[in-house]
Amino acid sequence: YMLPLGNIIRKHSINYHCYADDTQLYLSIKPDESGQLARLQTCIEDIKSWMTHNFLMLNSDKTEVIVIGPTHRRTSFSKDIVTLDGITLASSTAVRNLGVIFDQDISFNAHLKQTLRIAFFHLRNIAKIRNILSQNDVEKLVHAFVTSRLDYCNSLLSGCPNKSIKTLQLIQNAAARVLTRTKRRDHISPVLASLHWLPVKYRIEFKILLLTYKALNGQASSYLEELIVPYCPTRALRSQNSGLLMVPRVSGSRLGARAFSYQAPVLWNQLPVWVRGADTVTTFKSKLKTLLFDKAYS
């Protein structure tokens, strides 16, 4: 039913994402455009009408609204929030998006706290049976239940404060200690290096740069390709053929500098030519990990 539903949403000029069991509508509104919410209200009413006609139900109890922006702007928009079935949809402070918890400040603090809680839950269970498992089996468990959570959508954390990244680094350090039976008082960096594990900060950079490489080579989604622009100087320069990207101007706000459109070219332009010029994804990943590994443990 996605096709007719998409036609209804597009008719109201509203952006949307459709997933298997979830549909998201989103608008970018300027401070003086609070009237745009009426367009969203009309769109929701048309969706509800279409679903009713096709023997489907739009569940208002499971419909969430989040307003992202400065605190004083969020307060004013919350007064004009849309209604569904006569029930005002209260603005949520955090919503789940494909397993990632988004908050109104895009700090991801709630997501980090949940990741920390779940990861340590699994680590405690692994530690209980560590003595009866081989090193190889424990490593499989750690990657399946812990490392996979550190890497899931970690590109969203690019540009986050170091305090946030340290939260995830605590998880990786604990996982390395459980795997190698390293004591808490022992320094962990040599252990991570011996396991060939990139620290969390560099795992995030790895993900951003890999997405950038794929976008430049036609192997990523079109919406990512549209966010990066090759650098083309106005006059002949030696840098024009070096594969650099245009770094957009961002405002002084923290959020602008965390966008993929900014982080991708900044990190990409810092790569040496021998990494940027890799001819395959496999080669690029190998060279990039070598570079970041040396940078992390030099």
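Fifteen residues, written 15 in the count, line the second largest pocket, and those nearest its centre are Asn162, Ile165, Lys201, Tyr202 and Glu205. The model is predicted, and local features need pLDDT of at least 70, side-chain atom pairs count only at pLDDT 80 or more, while totals for chains, interfaces and linings use all residues. Residues are numbered from 1 along each chain as its sequence is written, and side-chain values use heavy atoms, with hydrogens and water left out.

A pocket here is an open set of points on a 1 Å grid over the protein atoms alone, with protein on both sides within 12 Å along at least five of seven lines, whereas a cavity is a set where a 1.4 Å probe fits but cannot get out; lining residues have an atom within 4 Å of a point. The second largest pocket holds about 320 Å³ of space, a volume being the space filled by probe spheres set on points that are joined across faces, edges and corners. At least two residues of its lining come from each of α6, α8 and α10 (260-269), where helices are DSSP runs (H or I, at least four residues) numbered from the N terminus. The lining of this pocket comprises seven nonpolar, five polar and three charged residues, with Ala, Val, Leu, Ile, Met, Phe, Trp, Tyr, Cys and Pro counted as nonpolar, Asp, Glu, Lys and Arg as charged, and the others, Gly among them, as polar.

Helix α6 (residues 162-180) also packs with α5, their axes coming within 10 Å and crossing at roughly 170°; axes are lines fitted to C-alpha atoms, for helices over the stretch in contact, and angles run from 0 to 180 degrees between N-to-C directions. That angle makes α5 roughly antiparallel to α6, a term for angles over 145 degrees.

Finally, Tyr213 and Phe284 form a stacked aromatic pair, 4.4 Å centre to centre with 15° between the planes; rings of Phe, Tyr and Trp (its six-membered ring) pair if their centres lie within 6.5 Å, and planes under 30 degrees apart count as stacked. Because Tyr213 lies in helix α8 (residues 200-216) and Phe284 in helix α12 (residues 281-297), the pair ties together parts that are 71 residues apart in sequence.

Technical notes. Parallel < 35°, antiparallel > 145°, perpendicular 65-115°, else oblique. Phe/Tyr/Trp six-rings, centres within 6.5 Å; stacked < 30°, edge-to-face > 60°.
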